[in-house]
Amino acid sequence: FDDGGADNRLRYTGTTTRKFLIFASTDILDDAAGSNYSIMLYKNGTTAIPETECRANTAGKGGAFLAKLVTNWIVSLAMNDYVELFVASITSDDGKPQRMRLIATPV
């Protein structure tokens, strides 16, 4: 895999089409409780994998509010196919993504 210099993206560089378990997660820090965020996986930048959408509301953690979003899906990737993690704000634009993870494991 090679990210090709793009954030939140994994590009498959193998020559044989394979299936991968794609795991994605992010933590979003917000100034308010109850803000709603969403993450979703996309294949090749234009094809959303709708079954991967995850939504979460911010809840209190210390002096801040945090939304933890996690999703995974089995995806078939051919050479140069890639998956990306998209983050969307549903009710607030004050969120700040913290740790983001995008992991591919062959199955």
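The chain exposes about 5900 Å², of which carbon and sulfur atoms supply 50%; accessible areas come from the Shrake-Rupley method with a 1.4 Å probe, and for residues only the protein chains shown count as cover. This is a predicted model, in which local features need pLDDT of at least 70 and side-chain atom pairs count only at pLDDT 80 or more, whereas totals for chains, interfaces and linings use all residues. Residues are numbered from 1 along each chain as its sequence is written, and side-chain values use heavy atoms, with hydrogens and water left out.

**Overall architecture**

The chain has zero helices and nine strands; helices (H or I, at least four residues) and strands (E, at least two) are DSSP runs, numbered from the N terminus. Its C-alpha atoms fill a box of roughly 50 × 25 × 25 Å along the principal axes. Of the 107 residues, 35% count as buried, a term that denotes under 20% relative accessible area, with exposed over 50% and partly exposed in between (1.4 Å probe, protein chains only). Contact denotes heavy atoms within 4.5 Å. Among contacts between residues at least 6 apart in sequence, 71% join residues at least 24 apart.

**Aromatic rings**

A search of the whole structure finds two aromatic pairs. Rings of Phe, Tyr and Trp (its six-membered ring) pair if their centres lie within 6.5 Å; planes under 30 degrees apart count as stacked, over 60 as edge-to-face and the rest as tilted. The rings of Tyr-42 and Phe-86 have centres 4.2 Å apart and planes at 35 degrees, so this pair is tilted. Tyr-42 belongs to strand β3 (residues 36-43) and Phe-86 to strand β8 (residues 82-89), so that the pair links parts of the chain 44 residues apart. Phe-86 is partly exposed, at 35% relative accessible area.

The charged end of Arg-9 sits over the ring of Tyr-82, 4.0 Å from its centre; this requires NZ of Lys or CZ of Arg within 6 Å of the ring centre and within 35 degrees of the ring normal.

Asn-36 is in strand β3, while Ser-92 lies in the loop between β8 and β9 (96-106). The contacts below leave out residues up to four places away in sequence.

| Residue | Relative accessible area | Contacts |
|---|---|---|
| Asn-36 | 17% | Arg-55, Ala-56, Asn-57, Ser-89, Ile-90, Thr-91 |
| Ser-92 | 12% | Asp-30, Ser-35, Tyr-37 |

Ser-92 and Phe-23 are 69 residues apart in sequence and 25 Å apart in space, C-alpha to C-alpha.
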